[in-house]
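Below are some notes on the ligand site and the domain layout. Please read them alongside the coordinates.

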Amino acid sequence: MSWSSPPAVGIDLGTTYSVIARLDERGTPVSLANAEGDLLTPSAVLFDGSEVVVGKEALKALAVEAECVAVFAKRDMGQRHYGKPLQGQWYPPEVIQAFVLKKLADDASRATSPFSHAVITVPAYFDEVRRKATQDAGYMAGLEVLDIINEPTAAAVAFGLQQGFLSTEGTAHRPLNLVVYDLGGGTFDVTVMRIEGGEFRTLATDGDVELGGKDWDQRLLDFAAAEFARRWGSDPRHDPNANARLWQECEEAKRTLSTRRRAAIQVLHAGQALRVEVTREQFEEQTRDLLARTEFTARQALREAGLDWGAVDRVLLVGGSTRMPMVADMLRRLCGRQPDAGISPDEAVAHGAALHAGLLLARLHGRPPRFSIRNVNSHSLGVVGTEASTQRRRTAVLIPKNTPLPVTARRVFKTQQPGQRSLAIPIVEGESRDPEACVPLGTCVISNLPPDLPARTEVEVMFRYRADGRLQVQVRIPATDIQLMQELQRENSLTQVQLDAWRLRIAGT
Ligand code: ADP
Ligand code: MG
C-alpha cells in the first residue's frame with residue numbers, strides 16, 4: 001500500500017478559514033485547493049432558498065444579505081443554536097460546520113481519489129461538549145472521523161517534521177519544550193507541549209474562545225466608522241450591510257498593514273464616501289490591549305506547565321493573525337528568541353492532521369506507527385452532589401485539568417432508598433466548586449438498577465476520558481457484579497435520529 005491510497009486526509013475546521021490536506025505519494029502533506037482554486041476556504045455558509053453555498057461566495061453575500069449567512073459558527077459549538085436565525089430558521093452550529101466539511105470533502109475528492117476517512121482538529125481548549133459537536137459535524141458531512149486532535153499538537157507535528165527538530169520517524173533528538181501560539185480569526189490558543197522521543201505531551205493549554213483576528217478588524221472598523229460619523233453624521237455600523245462591507249474593507253487593510261506601513265479604508269454608507277488612512281503604529285496602538293491579553297494567557301499557560309521562558313526550546317506561530325508583525329515582536333521580547341514561522345501559519349494545522357491520519361491509516365494496515373500523540377484534558381471533569389455539612393450543591397472533581405489521557409476515574413455512589421431503580425448523576429466540566437459556574441455535559445442516567453436493592457447499595461461509575469478527549473461512562477454494581485447500560489443525556493447535543501436526518505439532507509445538497 002502506498003501513502004496515497006486511500007488518501008490520508010486532515011481537516012483544520014477553522015473559525016474563519018478551513019483547510020483540507022492529504023499526504024502525497026512520499027508522505028508529505030499538501031493542502032488541496034477548493035473548487036474556486038483556493039487553499040483556504042472561508043468557513044461561511046449562505047442559505048439561499050433551498051440552496052446552500054459555502055466559502056468565498058457566502059462570505060461575499062454577507063455584505064448584501066447578512067441575514068442569510070452564517071460566519072464564526074465554531075464559536076457557538078456546544079450551544080443549541082447558532083447565534084442568529086438564518087432565513088428565519090435556527091440551525092445547530094454543528095450543522096453549519098457540517099456544510100463546511102461537506103464542501104471541503106467534495107472539492108478535495110475531485111482533486112484526489114475518493115475518501116471517507118479524515119482527522120479533524122479542534123482547539124486544545126475545546127471542552128468535551130464541543131468535541132462531540134465537532135465529531136457530529138463530521139458524521140453529518142458523511143465522513144468517517146478517524147480522530148479528533150488538538151490544533152497545536154497537529155501544528156507541532158507538521159513543524160517538527162518539516163523543520164527537522166523531529167526526525168523523519170517523528171521522534172525528537174532530545175526532549176523539547178514547545179509553545180504553540182495560535183491566533184486565528186475568532187479564537188486564541190496557547191499550548192505548552194513537550195516532545196520526548198516519539199511522545200507528544202500537552203503540558204498545559206489555555207486560551208480565549210472570544211479573541212481573534214476579528215477583534216483586530218473591529219478596532220479598525222470602529223476607528224473608520226467614527227471618522228465617517230464625524231464627517232457625515234451617520235454611523236455605518238447601524239446598517240448591517242454597510243457594516244459587513246466595512247468589515248471586509250478593514251480586514252483587507254489589516255492584511256496590508258502586515259507588510260506595509262500604512263493602509264487606506266474606503267467607507268461607503270448612505271450615499272456618502274470617506275477614505276480613512278491608518279498607519280501600522282496607529283493600528284498597533286488601537287489593539288495593544290488585545291495583544292496584551294494573549295501575552296497574559298501565554299504567561300499563564302507557561303506557569304501552569306511549571307516552566308519559564310528560558311526552558312522553552314521553540315515557539316511556533318500558528319494562525320493567520322500571527323502574520324501581524326506585532327505578534328512576533330511581542331513573543332521575541334517575551335522569550336528572547338525568534339519564533340518559528342517556517343510553514344504557512346494557516347496550513348500547519350491541516351498538514352499535521354494529515355500526518356496523523358497517515359499514522360492511523362498505517363496502523364489500520366498493520367504498519368508500525370511513526371509517532372504517538374499523548375494528550376491531556378483541558379478542563380476538570382466533575383460530578384455534582386450535595387455537600388452533607390452545608391446542604392449546598394457542590395462539584396466534586398474526578399479528573400483534574402491537565403491529566404494525561406486516556407484516563408479513567410472511578411467513583412462510588414450509593415442508592416438512597418430500598419428498591420431504588422434509578423440514579424441521575426449530573427456531570428460538569430470546569431474549575432469551580434460551584435456547579436453553576438461549570439459547563440454541564442449532561443446527566444448520566446442509570447435507569448435499570450435491579451429490583452430489591454437495599455438502601456445504600458454501592459454503584460460504581462467509571463468515567464473514561466479517551467485519548468481524543470471524548471467521554472465514556474460505564475456503570476457496575478460491585479455487590480452483584482452487574483454491568484449496567486447507561487445513557488449520557490446531553491444538554492445541547494443532537495440525537496442520533498436528528499444526526500441521521502441531517503446526514504441525509506446534507507448529502508443531498
Ligand atoms: P481560524 O483558524 O480562526 O479559522 P486562520 O488561522 O485562518 O483562522 O486565521 C484567520 C485570521 O487571520 C483572520 O482574522 C485573517 O484576517 C487573519 N489574517 C490572515 N492573513 C493575515 C495577514 N497577512 N495579516 C494579518 N492578519 C491576517
Ligand atoms: Mg486555526
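1. A side-chain N or O atom of Ser258 lies 2.6 Å from a nitrogen atom of ligand 1, a polar contact (a pair of N or O atoms within 3.5 Å). Taken alone, ligand 1 exposes 580 Å², of which the protein buries 92% (Shrake-Rupley areas, 1.4 Å probe).

2. This is a predicted model, with local features requiring pLDDT of at least 70, side-chain atom pairs pLDDT 80 or more, and totals for chains, interfaces and linings using all residues. Residues are numbered from 1 along each chain as written, chains are lettered from A and ligands numbered from 1 in written order, and side-chain values use heavy atoms, without hydrogens and water.

3. The shell around ligand 1 has 17 residues, the closest being Thr16, Gly185, Glu251, Lys254 and Ser258 (near means a heavy atom within 4 Å). Of the shell residues, 11 are polar, 4 charged and 2 nonpolar; Gly counts as polar, and Asp, Glu, Lys and Arg as charged.

4. Which helix gives the most to this shell? Helix α6, residues 240–259, with 4 residues (a DSSP run of H or I, at least four residues).

5. The domain assignment, automatic or from a database, gives domain 1 (213–286) and domain 2 (381–486). Their C-alpha centres are 52 Å apart.

Notes. Polar contact = N/O pair within 3.5 Å; in protein donor to acceptor, adjacent residues only side chain to side chain. Helix = DSSP H or I, 4+ residues; strand = E, 2+ residues; numbered from the N terminus.
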